[in-house]
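Please open the model in your viewer and keep the selection panel at hand, as this tour moves from one selection to the next.

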Amino acid sequence: MENKKLTDDELVMMFFEENRVELPDDGFSKRVMNQLPTRSVRLNRIWTAACWLVGIVAFFLCNGWKQLCVLAGNAYGNLVGALSSMEIFTVSPAIIWVSLMILSSLAFYEVVRSEA
C-alpha cells in the first residue's frame, strides 16, 4: 500500500465516486423544461430590443456623435497639455540616488531569493 497523503479535494472526489446513486429520470427533466414559461423569455427579448432602440434614438437626438467628438478632442488636448508641462530634466540628484538604491535592493533580494 502506498503512503501517499491525499488532499481534501481528492478525498471528496473518492467519496462521491464510491457513493454515486443514479436516479431514474423517466422523462422528468423534459417535462419540466417544456413547462417553463416561454412568454417571459419573449417579453425579455422585446424589452431589451425596445431599450436598445430608445437608447440609439436618444443618442442621435441629443447629438451624441458631436458630444463624442468633443470628448475625444478634450481628452487629446488635456494629454498634450499635461505632456508639454512636464519638466523631466529638473529631477533632483537625491531622487535619482534613492531610486537607484531601491532598485539595487530589489535586485539583490531577487537574487538571494532565487538561490534559496
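Begin by selecting Asp26, which sits in the loop between helix H1 (8-18) and helix H2 (28-35); helices here are DSSP runs of H or I with at least four residues, numbered from the N terminus. The model is predicted, so local features need pLDDT of at least 70 and side-chain atom pairs count only at pLDDT 80 or more, while totals for chains, interfaces and linings use all residues. Residues are numbered from 1 along each chain as its sequence is written, and side-chain values use heavy atoms, with hydrogens and water left out.

Asp26 has a positive phi of about 50° although it is not a glycine. Most residues other than glycine have a negative phi. Asp26 is also exposed, at 65% relative accessible area (exposed is over 50%, buried under 20%, partly exposed in between, with a 1.4 Å probe and protein chains only).

Next, select Asn63 in the loop between H3 and H4, where phi is again positive, near 55°, and where a relative accessibility of 45% makes the residue partly exposed.

Now step back to H3, whose 23 residues should span 33 Å at 1.5 Å a residue, in agreement with the 33 Å between its end C-alpha atoms; the expected span is 1.5 Å times one less than the number of residues.

Finally, select Phe60, a residue of helix H3 that is exposed, with a relative accessible area of 58%.

Notes:
Helices (H or I, at least four residues) and strands (E, at least two) are DSSP runs, numbered from the N terminus.
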